[in-house]
Amino acid sequence: MSDTKVPDKLYQLTGDNVASVGKGLYVVNTGLWRYQRPVTDPDLCKRCSACYMYCPVGCKVELNTHYDTNLDWCKGCGICAEVCPANAITMFEEVGEE
Ligand code: SF4
Ligand code: SF4
């Protein structure tokens, strides 16, 4: 068993998202890590679910017309855009709140 401590920056205790990290159960708002966001074109999406399967934080949401993203969890890694066979997902830089 590892005694590795979780750095303070990796979790917050005020969000809604919960993840198992190391030995404990921590609230991890992975959406705060994002500097770019995926935007899906519903007309191009074939609903193949590749983005759903490859998203490392499980934040893809199946809608009737296409797969979209729960931005509370999306960390902006861009994997979904890379694996999408229809090029339906474009990554856009986040515009920070000043
Ligand atoms: S990978 Fe692309 S085509 Fe497939 S469900 Fe996701 S957005 Fe749609
Ligand atoms: S950018 Fe990364 S975290 Fe966000 S939806 Fe795509 S695969 Fe998931």
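Analyst: The chain holds 2 helices and 6 strands, where helices (H or I, at least four residues) and strands (E, at least two) are DSSP runs, numbered from the N terminus. Along the sequence the pattern is β-β-β-α-β-β-α-β. This is a predicted model, in which local features need pLDDT of at least 70, side-chain atom pairs count only at pLDDT 80 or more, and totals for chains, interfaces and linings use all residues. Residues are numbered from 1 along each chain as its sequence is written, while chains are lettered from A and ligands numbered from 1 in the order in which they are written.

User: Is Cys45 buried, partly exposed or exposed, and why?

Analyst: A residue is buried if 20 or more other C-beta atoms, placed from the backbone, lie within 10 Å of its own, exposed if 12 or fewer, and partly exposed in between. Cys45 is partly exposed because it has 18 C-beta neighbours inside 10 Å. Cys45 lies in the loop between strand E3 (36-40) and helix H1 (50-54).

User: Which residues does Cys45 touch, leaving out those up to four places away in sequence?

Analyst: Two residues are in contact if their C-beta atoms, placed from the backbone, lie within 7 Å. Cys45 touches Thr40, His66, Tyr67, Ala86 and Ala88. The C-alpha atoms of Cys45 and Ala88 are 5.4 Å apart, although 43 residues separate the two along the chain.

User: Which residues come nearest to ligand 1?

Analyst: A residue is near a molecule if its C-beta atom, placed from the backbone, lies within 6 Å of it. Around ligand 1 there are 14 residues, of which Cys45, Cys48, Ala50, Cys51 and Cys84 come nearest.
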